Amino acid sequence: GAFPEIHVAQFPLDMGRKDGKTGKTVALQMDAEGNIKYDAILSQGRNHNTLVQGRHKDLVAKKVHEMDVERPDQDEVLSKTQETQAALEKIVHGKIT
């Protein structure tokens, strides 16, 4: 230890201290084809909602037909506009009164 005259276990800079913390070991995960999923290391300790892009394929822009994007029809646009307007009026009315 740092001070041999003190007869208590000493941990300078907390080296060697066992706090019971969980290890940093990641369980081996496989994909559908049986290949090892190395991106599990990247997502370790992160929120499940966090998007982790671990491959070059994830970074490449997708083509429009791959994204299946459709324009909403006029009825859908009007209903969302009315919902948003009502919610904003409720917030503003709450702030005013």
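Accessible areas come from the Shrake-Rupley method with a 1.4 Å probe. In this predicted model, the accessible surface of the protein comes to about 9800 Å², and carbon and sulfur atoms account for 55% of that surface. Of the 97 residues in the protein, 1% count as buried.

The secondary structure consists of four helices and zero strands, so that the pattern read along the sequence is α-α-α-α.

| Helix | Residues | Residues discussed here |
|---|---|---|
| α1 | 39–42 | Ile41 |
| α4 | 74–96 | Lys80 and Glu83 |

What forms the nonpolar patch on the surface? The patch is made up of Val26, Leu28, Met30, Ile36, Tyr38 and Ile41, which together have about 620 Å² of accessible area. Ile41, which is found in helix α1, has a relative accessible area of 54%, and it is called exposed because this value is over 50%.

Rolling a probe the size of a water molecule over the atoms shows where empty space is left. The largest pocket in the model has a volume of about 160 Å³, and its lining consists of Asp31, Asn35, Ile36, Lys37, Tyr38, Asp39, Leu42, Gly54 and Arg55.

Side chains of opposite charge can pair when their charged atoms come close. How many salt bridges does the count give? The count comes to one salt bridge, in which the side chains of Glu83 and Lys80 meet with 3.9 Å from N to O. This pair counts as a salt bridge because the distance of 3.9 Å falls within 4 Å, the cut-off for a side-chain nitrogen of Lys and a carboxyl oxygen of Glu. Both residues of the pair, Glu83 and Lys80, lie in helix α4, where they are three residues apart, or about one turn of the helix.

Definitions and conventions
Residues numbered from 1 in each chain as written. Predicted model: local features only at pLDDT ≥ 70, side-chain atom pairs only at ≥ 80, totals over all residues. Heavy atoms only, no water. Patch = residues over 30% accessible without salt bridge, like charges linked within 9 Å, V, L, I, M, F, W, Y side chains within 5 Å. Helix = DSSP H or I, 4+ residues; strand = E, 2+ residues; numbered from the N terminus. Buried < 20%, exposed > 50% of the residue type's maximum accessible area, 1.4 Å probe, protein only. 1 Å grid on protein atoms, 1.4 Å probe; cavity = no way out; pocket = protein on both sides within 12 Å on 5 of 7 lines; lining within 4 Å. Points joined across faces, edges and corners; volume = space filled by probe spheres on them.
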